[in-house]
Each structure stands twice: as structure tokens, then as C-alpha cells.
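Work through the exercises below with the coordinates loaded. Each task is followed by a stepwise solution.

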Amino acid sequence: MTTIAFFDTKSYDREHFEPAAAPAGLSYQFHEFRLSVQTAALARGATAVCVFVNDRLDRPCLAALAEVGVRHVALRCAGFNNVDLAAARELGLAVTRVPAYSPHAVAEHTVGLLLTLNRRIHRAYNRVREHNFSLGGLVGFDLCGRTVGIVGTGKIGRIVAQIFRGFEAQVVAHDPYPNTAWAQAHGVEYLALDALLARSDIVSLHLPLTPETHHLLNARSLALLKPGAHVVNTSRGKLIDTAALIAALKTGRLGGVALDVYEEEEGVFFEDLSGEVLQDDELSRLLTFPNVLVTAHQAFLTHDALAEIARVTTENIARCARTEAPLAGTAL
Ligand code: NAI
């Protein structure tokens, strides 16, 4: 039976992947720790590794995997910024991912974060549980008539834009590859990035992390935002320069910030550190602002998305194990 070594797994991964293994003729070995050069040797005997967003597949790690006989890296996520693709190619390792498991899951969480932050639902929930029914400090704003700037109008960004159009908000967008037919159909106006930042009440990031988009929001671009603007990031942490974001928050110019991703997630997000001292000073500082809301990379986390991730990843693994081409559009 073909063995696959899974890294950085949680109960919900096992729950959705386990039923798919036997029918596909695969044996799944689940590890809770992350994959890195230090743990790669534990994949010995496996033909593929299945990894997630915070496993670090740099050149040394990929070389160690090739050394123990692994032939395929199956990402169970869409983003692939954590894999050195050039090194994988040189080492003859196939790399596949799940390009679109549920763009709706991510889009809906994005809007949920903005609504929670704006209407202070998280704070109201805690107050009411303590029988504090006062409303001071809970004032939000209507989305209707506000301008939402969507950076990246791919699968997720387009759904977010359409949901905000449902709130009767104005939507502006920026993308180096504009989808003009879609924009026309949904009343969305494309702008240059700086113009979008200067015009939006809410800026939501839906673009991949690449060397070009690293720190897209930095001291310069954050200074272009309107006073009171809200920023939402459910894409990748490194799209925002955290030090610059903290500096902007300290001036009081920003209305609010909602993050599902963070620059230094590794070793923090997906873990229960409630009994420990948080060592990351920037994350600790972010969590002190009353107008910052952080979730730990959970935008994808719906049963629908997990089931689709398990289905596509298992099919990719099974096809590569039979030395067939992976599913169309999933190979990198
Ligand atoms: P997609 O590939 O469908 O769309 C990305 C869009 O960004 C494309 O239209 C592309 O042209 C555009 N883009 C590229 N460079 C840009 C730039 N410099 N400025 C503006 N736009 C630019 O990707 P999809 O599925 O919409 O996902 C977006 C991001 O969401 C992913 O890259 C991933 O990092 C993140 N994501 C986060 C999840 C979470 O759980 N928080 C789950 C899934 C994805």
C-alpha cells in the first residue's frame, strides 16, 4: 500500500482525510508536528508528503525528502509561497495543491470579520455574558454607501466584492489582470492601487504573496489610507508590514484592522498557547488594540472546504502514485 506522511495535522484534518484513504488504496500516516529539514527524515517510506501553509519546504527540506525517497509534495491548501518550486523541480519532486476548495468559505469569513469588527459584536458578546447591557463604545457604521477596495479580484476577491455589493456598498478594485466583464456586470470600478487606497473606507486583500506583493501595505501605502479606514487581510500575513501597521494604529488614524493571517504565524497559529507566555512582541502588541481583531488562519475552515480539500488532495496523491498526471490545474 502506498504510504503518505501528513504533517501539521489537527483532528479536523484526520476526520476529513481518513475516510478517503482506503478506497484510494492509500495509507495515511498523520504527524502533528510541522515539516521542516529537521523532521523530513520521518517521511522515510512514504511516496508523498501532505503539507499545509506553515510547513517549511525550503531547498534543504526538499533535498532531505528526496533523499528518503519522497516523490510528491501534496499541498492541502491553495497558497504555495512556503515551497521552493525551483528546488522541487531540480530534485524531481512533483508539487500539487488545491487551487480552489471553497472561495466562498474565505470570502464569507472576510465579511464576517469586517462585520464583527465594525459592529463590535465580539465585545458585545462578552459584555452581555456578564450582564452588562450598556452600548457605550459599540458604535459602528453602515456599509451601505461606503467604498470597499478589493485588492486582487481572483476567485475569493470577486465573491467578497459581490457580497459587499449586496450591502449596497460601492466597490472599487485593483488587479494587474482586471476582469472587465465581471466588473461591468457587478458595478465594480478598477483603479490603480494608490487611488484605491486613497478612496476606500475598507480595504480587503485577496492577492497571493509573491516577492512583488511582499509588504504591499507598508508605511508609504498605509499613509495613503483615509483617516478611519478599515483594513482586512485574509490572504497572507507578509502582504502587510506589521511594524508599519502597528505604527499606523498607534497614531489612531486607522479605524480598524481585521486579520486572519499574520507575518510570523509559524509555531503560533493553529496551536493552543493559552498557558504560555507569548514570545512574539508584534503579535502581542497587535492584540492590545481595541480596534484590532485577529483570527488564527481559519477563513478556510468549513466542512465544505475541508471535504473538498480532502477529495482533491487524495485524488492528486492517488494519480501521482499511479504515475499519472495530477488533476488538471493542481500541479505547480
Ligand atoms: P486567485 O489566484 O484566484 O486570485 C488572486 C488574484 O490576485 C488574481 O486575480 C491576480 O491577478 C491578483 N493579483 C496578483 N498580483 C496582484 C497585485 N500585485 N495586486 C492586485 N492583485 C494581484 O486566488 P484566490 O483563490 O482568490 O486566493 C487569494 C489568496 O487568498 C491566496 O493567494 C491565498 O494566499 C489566500 N487564501 C487564504 C485562505 C485562508 O484561510 N485565510 C484560504 C485560501 C486562500
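**Exercise 1.** Find the bridge partner of T147 in β7, then follow the chain through the neighbouring strands.

Solution. Step 1: T147 has Q170 as its bridge partner in β7. Strands, like helices, are DSSP runs numbered from the N terminus (strands: E, at least two residues; helices: H or I, at least four).
Step 1: β6 (residues 147-151) and β7 (residues 170-174) are paired in parallel over five bridges; two strands count as paired if DSSP finds at least two bridges between them.
Step 2: Together with helix α6 (residues 155-166), β6 and β7 build a right-handed β-α-β unit. Right-handed means that, with the strands pointing away from the viewer, the path from the first strand over the helix to the second runs clockwise.
Step 3: β7 also pairs with β8 (residues 188-190), again parallel, over three bridges, and A173 has Y190 as its bridge partner in β8.
Step 4: Between β7 and β8 the chain passes through helix α7 (residues 180-186) in a right-handed β-α-β crossover.

The model is predicted: local features need pLDDT of at least 70, side-chain atom pairs count only at pLDDT 80 or more, and totals for chains, interfaces and linings use all residues. Residues are numbered from 1 along each chain as its sequence is written, and side-chain values use heavy atoms, with hydrogens and water left out.

**Exercise 2.** In what order do the strands of the five-stranded open sheet stand, and which stand at its edges?

Solution. Step 1: The order is β2-β1-β3-β4-β5, with parallel pairing.
Step 1: β2 (26-30) and β5 (94-96) are the edge strands; each has a single partner strand, so one side of each lacks a neighbour in the sheet.
Step 2: From one strand to the next the twist averages 20°. Angles run from 0 to 180 degrees between N-to-C directions, with axes fitted to C-alpha atoms, for helices over the stretch in contact.
Step 3: β3 (residues 48-51) and β4 (residues 72-75) are joined by four bridges in the parallel sense, and C50 is opposite A74 in β4.
Step 4: Helix α1 (residues 11-21) lies across β1 (2-6) and β2, at about 155° to β2.

**Exercise 3.** Is S235 buried or exposed, and what is it in contact with beyond four places in sequence?

Solution. Step 1: S235 sits in the loop between β10 (230-233) and α10 (242-251).
Step 1: With a relative accessible area of 11%, S235 is buried; the classes are buried under 20%, exposed over 50% and partly exposed in between, using a 1.4 Å probe and protein chains only.
Step 2: Leaving aside neighbours within four places, S235 is in contact with L205, H206, L207 and V261.
Step 3: P208 is 27 residues from S235 along the chain, with 6.8 Å between their C-alpha atoms.

Note on methods. Contact = heavy atoms within 4.5 Å.
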